Amino acid sequence: MERVFNFAAGPATMPLEVLQSIEKNICNFEGEGLSVMEMSHRSKTYEKIINETRDNLRTILNLDNNFDILFLQGGASSQFAMVPLNLANNGDLTYYAVTGNFANKAWDEAKRWTNAVDITNSMSDKYKYIPHIDSSKIDKSAKYLHITANNTIFGTMYDNLPEVDIPLVADVSSNVLGKDYDYKKFALAYAGAQKNLGPAGLTVVIINKKYIRSDLDKSVPTMFRYDIHAKNDSMYNTPPTFAIYVAGEMFKWVLKQGGVKELEKRNIEKANMIYDILDNSSFYKPFAEKESRSIMNVTFNLKTEELETKFIAEAKENGMINLKGHRVLGGIRASIYNAMTIEGVKKLTEFMQTFEKNNK
Ligand SMILES: *Cc1c(COP(=O)(O)O)cnc(C)c1O
């Protein structure tokens, strides 16, 4: 079977093993005579799937019973709105670390409902780095600080979580299960699944139960309330059943690999293979500043746009696709999430060296 190396930022590559396990069960799930796609979400079989998926994620992230895991829809982008609606009252003070496009969108959405302040903002420096958060500037009455743990477009990442005295909320869409954070430090963390957790259509929310409120303003729509989803074990309405099942297969795979610690080690190794080339060449220009570099999305430029177009085209001819940077940044982006193999990254780095020789 001919498979390409897919360096897409999301929807992203998945482990072949996981795809094959799904393939095996696609028409007849474990002898039940029907596909998971066709199954009632209230059936015993499906109940077992969703419970096991939730339990495995809890194990992987080392979460105790103070945390709830919700399986929602609407993407990370819906969480930009749900977070302020559920964690703050209208007009309350909230803080945003604006470190990229998605962070900026989250901030914009929060401004609709709260007094959202950008405690730090690296926009004028093209989001090249993660600016330090001066915790002495934080007003303790603020409801939370929102960070974007990994900035998918720019290739920057928090290596350490900021230490603050107010609840910490994180968009972990592009480094969840790829970077080993202590998830007990979050009041809430959310992720669209399509980068590191499985297919698009599922959004995972990890929330400390302390922050689930049932006294929300009446204007907050039912489907936008964490308390409703938590009370109903993510079954208030039909959940994205197939996407949850696939995420469950991913979680089993993560456990088999040795968990997040082991995957993080591998991700650092993969990222360094590319960064080493970038740092030892005047042909390639890394975008993100060294201290802020992501281990999930590696961004860089070549001397001219023409050369970048040629790089992308030749990589494609060699079985490596989706290396074009996001339209707001341009250049090259290699997304190397958990499912990207060392073999794939090795092939990319060899191609980079050959391309440099031929185009110097
Ligand atoms: C992809 C991405 C989003 C947007 O996710 P959707 O699921 O498409 O809404 C938000 N934040 C980050 C960090 C992302 O990488």
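These legends go with a set of close-up views of a predicted model.

**View 1. Ile274 and its contacts.** Skip the neighbours within four places in sequence, and Ile274 is in contact with Val298, Phe300, Ala334, Ile336, Val345, Leu348, Thr349 and Met352.

**View 2. Ala110, tucked into helix α4.** Ala110 belongs to helix α4, which runs over residues 101–111. Is Ala110 buried or exposed? Its relative accessible area is 0%, so Ala110 is buried. Leaving out neighbours within four places in sequence, Ala110 is in contact with Phe80, Pro84, Tyr96, Ala116 and Tyr144. Take Phe80 from that list: Phe80 and Ala110 are 30 residues apart along the chain, yet their C-alpha atoms are separated by 6.9 Å.

View 3. Met223, Phe224 and Tyr236 make a nonpolar surface patch of about 260 Å². Tyr236 comes from the loop between α5 (226–231) and α6 (241–257). With a relative accessible area of 39%, Tyr236 is partly exposed.

View 4. The side chains of Arg225 and Asp227 meet in a salt bridge, at 3.0 Å from N to O. How accessible is Arg225? Arg225 counts as buried, at 14% relative accessibility. Asp227 is buried too, with a relative accessible area of 9%. In general, side chains of opposite charge can pair when their charged atoms come close.

**View 5. Arg293 and Asp279, a link between distant parts of the chain.** In this salt bridge the closest N and O atoms are 2.8 Å apart. Arg293 is in the loop between β11 (285–286) and β12 (297–301), while Asp279 is in helix α7 (residues 259–279), and the two are 14 residues apart. Arg293 counts as buried at 15% relative accessibility, whereas Asp279 is partly exposed with a relative accessible area of 33%.

**View 6. Glu314 and Lys310, a pair within helix α8.** Glu314 forms a salt bridge with Lys310, and the closest N and O atoms are 4.0 Å apart. The two residues are separated by about one helical turn, because they are 4 residues apart in helix α8 (residues 305–317). Glu314 is partly exposed at a relative accessible area of 25%, and Lys310 counts as partly exposed at 36% relative accessibility.

**View 7. A salt-bridge network.** Here Asp159, Lys179 and Glu264 are linked in a network of salt bridges. How many salt bridges does a search of the whole structure find? The count comes to 18.

Technical notes. Residues numbered from 1 in each chain as written. Predicted model: local features only at pLDDT ≥ 70, side-chain atom pairs only at ≥ 80, totals over all residues. Heavy atoms only, no water. Patch = residues over 30% accessible without salt bridge, like charges linked within 9 Å, V, L, I, M, F, W, Y side chains within 5 Å. Areas by Shrake-Rupley, 256 points an atom, 1.4 Å probe, with all protein chains shown as cover. Buried < 20%, exposed > 50% of the residue type's maximum accessible area, 1.4 Å probe, protein only. Contact = heavy atoms within 4.5 Å.
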